[in-house]
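Subject: Structure handover

Hi,

Here is the structure we talked about. Please load it first, then read my notes below.

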Amino acid sequence: MAIFTQEDLLLYLYKETSPAQNEAIEAALKNDWELQEKLATLKESITLLDQPLESPRMEVVLNVLNYAREAVETGA
């Protein structure tokens, strides 16, 4: 049985592996609970990375919009 690294699993998740690699990883996933856990952890990490950390305060957004409007009006 082949040993797959986290990099292999990331490539698999982002669909950057060949059909042969996909088959090998999927076959390994059927029998290897540790590999299944690694894949689940990577999926969760990707989901968390896709979420915004914080929303800016409304005051900050308004300041940026006002600055942009003034820059357009003055031609800066």
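This is a predicted model: local features need pLDDT of at least 70, side-chain atom pairs count only at pLDDT 80 or more; totals for chains, interfaces and linings use all residues.

At roughly what angle do the axes of H2 and H3 cross? The answer is roughly 115°, and the two axes come within 6 Å.

H2 contributes Ala28, Leu29, Lys30 and Asn31 to the contact. H3 contributes Trp33, Leu35, Gln36 and Leu39. By class, the contact of H2 with H3 has 5 nonpolar, 2 polar and 1 charged residues.

Now the core. The largest nonpolar core has 9 residues: Phe4, Leu9, Tyr12, Ile25, Ala28, Leu29, Leu35, Leu39 and Leu42. Three helices each supply at least two residues of this core: H1 (6-13), H2 (19-31) and H3 (33-50). Ala28, Leu29, Leu35 and Leu39 belong to this core and also take part in the contact of H2 with H3.

Ile25 is worth a click. Leaving out residues up to four places away in sequence, Ile25 touches Phe4, Asp8, Leu9, Tyr12 and Thr17. Of these, Phe4, Leu9 and Tyr12 are listed in the core along with Ile25.

Last, charges. Side chains of opposite charge can pair when their charged atoms come close. The salt bridge count here is 1. Arg57 pairs with Glu59, and their closest N and O atoms are 3.9 Å apart. Are these two residues, Arg57 and Glu59, buried or exposed? Both are exposed.

Best wishes

Notes: Residues are numbered from 1 along each chain as its sequence is written. Side-chain values use heavy atoms; hydrogens and water are left out. A nonpolar core is a set of buried Ala, Val, Leu, Ile, Met, Phe, Trp, Tyr and Cys residues joined through side-chain atoms within 4.5 Å. Buried means under 20% relative accessible area, exposed over 50%, partly exposed in between (1.4 Å probe, protein chains only). Helices (H or I, at least four residues) and strands (E, at least two) are DSSP runs, numbered from the N terminus. Contact means heavy atoms within 4.5 Å. A salt bridge is a side-chain nitrogen of Lys or Arg within 4 Å of a carboxyl oxygen of Asp or Glu. Axes are lines fitted to C-alpha atoms, for helices over the stretch in contact, and angles run from 0 to 180 degrees between N-to-C directions. Ala, Val, Leu, Ile, Met, Phe, Trp, Tyr, Cys and Pro count as nonpolar, Asp, Glu, Lys and Arg as charged, and the others, Gly among them, as polar.
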